Amino acid sequence: MKNAPSVVIALLLGALFIGAVRPATAQRAASGHVPGGVESSLGVDWKVVGGADVGQDANILFYDARGVHRLPNGHIEVWTKALSNKALENIEATKEQIDTAARKILSGYDPPVHQLRKLNDDQKLSLVIYEVFANDDIVESNARLLFELDCKTSRARFNSISIKLAGKWGFDEKPGEWSRISPETNPYYLQRLLCR
């Protein structure tokens, strides 16, 4: 089974790209504790965009709002990372994280995904907390994907993929095939947030 890892990666990519978006992840995200953390000292600003299953783990998908790159051809490239929902729920927030999240919320901040889906206050709070955790780089990602969006033709592809399966990382730096963006998928949400 020499091709088994590539088959598994292909199946997981299909789940991340098309069907395994978990709008309910935001609803399940309300964990009751308040973390905080605005932008990472690493120069990234991770924002919640959706969710996906990687292996048997439900994940929240984040995009780097600070790293959105508009290409000369009009396309957009953006890095995303998948963090385990379970790991995020189990983090004990520090006082600094709580303070950071509180400052963001008190300043009127809403996670960008709120523009796409109606969120109640508990859901918004949880997503702000998770963004703080993502920016503090507390949880190791299960996947990192570089999306390229063609806003004019409503198509997307992966330009770089790193996925962790059974404790081992798999990588693919070869740009994938273009696919039409279907509704209620991670590329759809990225397109709605970034193609303006």
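This is a predicted model: local features need pLDDT of at least 70, side-chain atom pairs count only at pLDDT 80 or more; totals for chains, interfaces and linings use all residues.

Mentor: Residues are numbered from 1 along each chain as its sequence is written, and side-chain values use heavy atoms, with hydrogens and water left out.

Trainee: What percentage of the 196 residues in the protein chain is buried?

Mentor: The protein chain has six helices and eight strands, taken as DSSP runs (helices H or I, at least four residues; strands E, at least two) and numbered from the N terminus. Buried means under 20% relative accessible area and exposed over 50%, with a 1.4 Å probe and protein chains only. Of the 196 residues, the buried share is 49%.

Trainee: Which residues of α4 are buried, and why do they lie on the same side?

Mentor: Helix α4 spans residues 95–106. Its buried residues are Gln-97, Thr-100, Ala-101 and Lys-104. They share one side of α4 because they cover an arc of only 95° around the axis, the arc being that of the directions from the helix axis to the C-beta atoms.

Trainee: Which exposed residues does the face of α4 turned away from its buried side carry?

Mentor: On the buried side, the cover includes β1 (46–54) and α5 (121–136). The face turned away from that side carries the exposed residues Lys-95, Arg-103 and Leu-106.

Key: The expected span of a helix is 1.5 Å times one less than its number of residues. Contact means heavy atoms within 4.5 Å.
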